[in-house]
Amino acid sequence: MAFDHLDEHEQSELVRKWMRDNVASIFVGIGLGLLVIFGYFQWQGHQARQKALAAGEFLSFGAAVGAKNDEAAKAALDRIQKEHANSAYAALAAMRWAEGAIVRKDMATAEQSLQWAYDHAGDNAIKSLAGQNLARVKLGADKAAEALSLLDSVPVEGYASAIAELRGDILLAQGKHDEARTAYQASLDALDASAPNRQALEMKRDDTGGTTAATPASAAAEKQSS
């Protein structure tokens, strides 16, 4: 007989019987649910604490860099990379350390730091910036082929024009003028018509020689800029 065909007393008896037969399962289910909720909030709290610690280490690193205390800065960088390798702060610190290495003409350290940042960056925008900077360092170290190969895996993430321009620079360094011109044109096509660097990029393209058919987008942009 269907449940809704029973009278109120019979329905309540069925419910009580079901509760008696299943009370253990009910409490186990409640207990597991509470454990899951507790575990989730514990994990959230742990993540927040780790982020705060990473931020503190990053501030210490920045202060040491600003004070030109390379020893303290390197120690802070090592701590961030060891204890918070998956945080954005670790990748950003490695990129900043690379900047200082470039100023010191220590290109090996710069390349190593940027490679670390590229390998560990969880955010695609940071990974893209690290990859582009790493490609530039490789290009400066006469590793044009490596730089070009790296660009193939760099996330675009809003940097389509910058990546295409860098590709053009690498191709030009390899003496591939026609391919460089095509890359510069692709950079122009992805660039806003009012971008301040548009004229300089057009000059780069034109200096490669040869001709490249302008796309409708680039033709309209050039007409607007002229």
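The crossing of α5 and α7 is left-handed, a term applied when the near helix is turned anticlockwise from the far one by less than a right angle, right-handed being the clockwise case. Helix α5 (residues 124–140) packs against α7 at an angle of about 15°, with the two axes 11 Å apart. Axes here are lines fitted to C-alpha atoms, for helices over the stretch in contact, and angles run from 0 to 180 degrees between N-to-C directions. The arrangement of α5 relative to α7 is therefore roughly parallel (angles under 35 degrees; over 145 is roughly antiparallel, 65 to 115 roughly perpendicular and the rest oblique). Residues S128, Q132, A135, R136 and L139 of α5 meet A162, I163, L166, D169, I170 and A173 of α7, contact meaning heavy atoms within 4.5 Å. By class, the contact of α5 with α7 comprises seven nonpolar, two polar and two charged residues; Ala, Val, Leu, Ile, Met, Phe, Trp, Tyr, Cys and Pro count as nonpolar, Asp, Glu, Lys and Arg as charged, and the others, Gly among them, as polar.

The model is predicted: local features need pLDDT of at least 70, side-chain atom pairs count only at pLDDT 80 or more, and totals for chains, interfaces and linings use all residues. Residues are numbered from 1 along each chain as its sequence is written, and side-chain values use heavy atoms, with hydrogens and water left out.

A173 belongs to helix α7 (residues 160–173); helices (H or I, at least four residues) are DSSP runs numbered from the N terminus. A173 and A144 are separated by 29 residues in sequence and by 7.4 Å in space, C-alpha to C-alpha.

The table gives the accessibility of individual residues, where buried means under 20% relative accessible area, exposed over 50% and partly exposed in between (1.4 Å probe, protein chains only).

| Residue | Relative accessible area | Class |
|---|---|---|
| Q81 | 18% | buried |
| E157 | 44% | partly exposed |
| A173 | 55% | exposed |
| K105 | 68% | exposed |

Q81 lies in helix α2 (residues 70–83). Apart from neighbours within four places in sequence, Q81 is in contact with A94 and W116.

Most residues other than glycine have a negative phi. K105, in the loop between α3 (88–103) and α4 (107–120), has a positive phi of about 65° although it is not a glycine. E157, in the loop between α6 (144–151) and α7, has a positive phi of about 40° and is likewise not a glycine.

Note on methods:
Helices (H or I, at least four residues) and strands (E, at least two) are DSSP runs, numbered from the N terminus.
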